[in-house]
Structure formats: structure tokens, C-alpha cells
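The exercises below are meant to be worked through with the model open beside the text. Each begins with a task and goes on to a solution in steps.

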Amino acid sequence: MDWVQAIVIGIVQGVTEFLPISSTAHVRIVPELLGWQDPGAAFTAVIQLGTLLAVLVYFWKDIVRVAGNWAGGLRDASKRDDKDYRLGWAVVYGTIPVSVLGFLLKDYIGEDFRSLYLIAAMLIALALLLWLSEKMANHVRKIDDVKISDGWVIGFCQALALIPGVSRSGSTITGALFLGFDRETAARVSFLLSVPAIFLAGLFELISEREQIAALGAGPVIVSTIAAFISGYVSIEFLLRFLRTRSTFVFVAYRIVLGVLLFALLAQGVINP
């Protein structure tokens with residue numbers, strides 16, 4: 001992997017990580033279209049640590065407050081009605097499904113799940129679910145209304161993103177909309193829920209696939225991670241501003257168009273599955 005490829009892949013990862021359009025799909029599709037080698041699931045998981053840093057920087061005050069009040073609730077039962085205590089447990093429980101299933105399915109994620117046929121199908125399938133959630137949602141619940149049980153529901157939605165093309169952001173936002181949250185709150189919950197999930201995935205791949213990652217060179221990995229951080233930070237800011245006044249239908253349309261285009265390119269033999 002050369003420096004140009006590393007920067008491009010890092011930017012693609014950062015931009016698409018937080019938009020509901022599937023970063024894994026785009027990191028798989030872009031190199032294929034440009035004739036580059038697939039960077040692999042391990043490389044993708046490691047450079048996601050750049051997007052994790054973007055979330056930590058952007059939401060630093062929120063994360064510190066929630067963590068502090070959650071820990072306070074563990075020590076003092078009188079503080080367990082606090083909204084941050086509930087949100088903290090929602091994040092903890094929401095991380096369990098993706099952690100367990102990610103470990104059990106790790107062999108499939110690295111190989112079988114990276115088929116472009118599967119990615120195209122998942123792009124369209126999640127688009128339809130996102131569209132349905134927009135139609136059915138009442139958009140009334142705010143961040144203060146988060147319940148611990150919401151963590152389980154959104155957490156299982158997050159686990160669906162283990163399949164490339166689904167989108168961690170897309171699946172969690174869809175789940176939150178079905179639960180009645182407004183769009184901006186759905187995105188905020190999605191971002192907070194991403195912190196432990198991305199950290200655990202990146203750390204696991206960094207340790208278990210260290211030889212494969214080292215073969216790519218430390219330089220490209222570091223540069224790609226930095227590019228993912230910068231573009232990820234911009235992506236967070238963009239999505240929150242966008243969802244304050246607009247729906248997710250533009251992302252629904254984009255996913256369907258991309259999925260259909262992928263099927264067409266695969267059918268014509270332009271790209272390999």
C-alpha cells in the first residue's frame with residue numbers, strides 16, 4: 001500500500017464511518033474500482049481507531065460527564081435516576097451484542113462477509129429499513145429519555161453492522177428511530193455507542209493481525225488513521241447539523257443507487273465480487 005492509497009482509504013473510512021452508508025462497504029468498493037488490493041478487515045478495523053479519536057474529541061465533555069455520573073450511580077443508589085447513569089448503562093449493554101457476535105463470527109467477517117454481492121444486497125436492505133423507520137418514527141424522544149433497555153435494542157442493531165454494507169451508523173440510527181428518538185438524538189446515541197465497539201474491534205485486530213498489518217508498513221497505517229480522524233471529525237459535525245433540519249432519505253436513495261450500481265457492475269464483469 002502506497003501513501004496515496006493510504007490517504008484515500010483513510011478519508012473514505014472517516015467520511016463514511018458516521019454517515020449511514022457503510023464505511024466497510026466503501027473501503028471495500030473504492031479500492032476495487034481503482035484496481036487496488038483490498039486492504040482487508042484487519043486494516044479497516046485498525047484505522048477505525050482514527051474515527052474513534054474523532055468521536056472522543058468531539059464528544060469529550062459528554063463522555064466525561066456520562067462516565068462520571070454513571071460511576072457515581074454505581075456508588076450511590078440515589079443517583080440512579082440520573083439520565084447520564086441510564087445512558088451509561090445503555091452504552092454498556094449496547095456493546096455486548098456486537099462484542100460477542102464479533103468474536104464468534106470473526107472468521108466470516110474477515111473473508112466470507114466481504115463479498116460485493118452481499119455488500120450490494122445489504123446496502124439496499126438497510127436502506128429499506130431506514131426508510132421504514134423514518135415513516136414509522138414519531139421523532140419525539142430526546143437524549144434525556146434514553147432508557148437502559150434502549151441499549152439492548154440499539155446494541156443488537158449495531159451488531160448487524162458486522163455484515164459489510166449494513167453500516168454501524170445506519171443500523172443504530174435506524175434502531176433509535178424505531179424507538180421514537182428524533183434524528184439528531186439517534187445520531188448522538190449512535191456516536192456514543194460507537195466508542196467501546198470501535199475501540200474493542202480495533203484493539204482486537206491490532207493484536208491478532210499484527211503481522212498482516214505490519215506487512216502493509218507502519219507509515220501507511222498511521223497516515224490512513226490520521227486521515228480517518230480528520231475526515232471523521234468533519235463527518236460528525238456535518239451529520240449532526242444535517243439531521244437537525246432534514247431527514248435521512250438522501251442516504252436511503254444513495255444506498256439504493258449504489259447497491260443497484262454494484263449489482264450492474266458485477267453482472268457486467270467490470271469488478272470482481
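**Exercise 1.** Which residues are linked in a network of salt bridges?

The model is predicted, so local features need pLDDT of at least 70 and side-chain atom pairs count only at pLDDT 80 or more, whereas totals for chains, interfaces and linings use all residues. Residues are numbered from 1 along each chain as its sequence is written, and side-chain values use heavy atoms, with hydrogens and water left out.

Step 1. A salt bridge is a side-chain nitrogen of Lys or Arg within 4 Å of a carboxyl oxygen of Asp or Glu, and the structure holds eleven of them.

Step 2. Asp-62, Arg-65, Asp-84, Glu-184, Arg-188 and Arg-244 are linked in the network.

Step 3. Between Arg-65 and Asp-84 the closest N and O atoms are 2.8 Å apart; Arg-65 lies in helix H4 (residues 60-75) and Asp-84 in helix H5 (residues 83-104), so this pair ties together parts 19 residues apart in sequence. Helices (H or I, at least four residues) are DSSP runs, numbered from the N terminus.

Step 4. Asp-84 is buried at a relative accessible area of 3%, while Arg-65, at 35%, is partly exposed (buried means under 20% relative accessible area, exposed over 50%, partly exposed in between, with a 1.4 Å probe and protein chains only).

Step 5. Glu-184 and Arg-244 also meet in a salt bridge, at 3.1 Å from N to O, and this pair links Glu-184 in helix H10 (residues 183-208) to Arg-244 in helix H12 (residues 218-245), 60 residues apart.

**Exercise 2.** Find how helices H2 and H7 cross, and name the residues that make their contact.

Step 1. The axes of H2 (residues 23-34) and H7 (residues 116-136) come within 11 Å and cross at roughly 130 degrees, which makes H2 oblique to H7. Axes are lines fitted to C-alpha atoms, for helices over the stretch in contact, and angles run from 0 to 180 degrees between N-to-C directions; those under 35 degrees count as roughly parallel, over 145 as roughly antiparallel, 65 to 115 as roughly perpendicular and the rest as oblique.

Step 2. Contact, meaning heavy atoms within 4.5 Å, is made by Ala-25, Arg-28, Ile-29 and Glu-32 of H2 and by Leu-116, Ile-119 and Leu-123 of H7.

**Exercise 3.** Is Ser-23 buried or exposed?

Step 1. Ser-23, which is found in helix H2, is buried, with a relative accessible area of 7%.

Step 2. Leaving aside neighbours within four places in sequence, Ser-23 is in contact with Gln-13, Thr-16, Glu-17 and Gln-48.

Notes
Helices (H or I, at least four residues) and strands (E, at least two) are DSSP runs, numbered from the N terminus.
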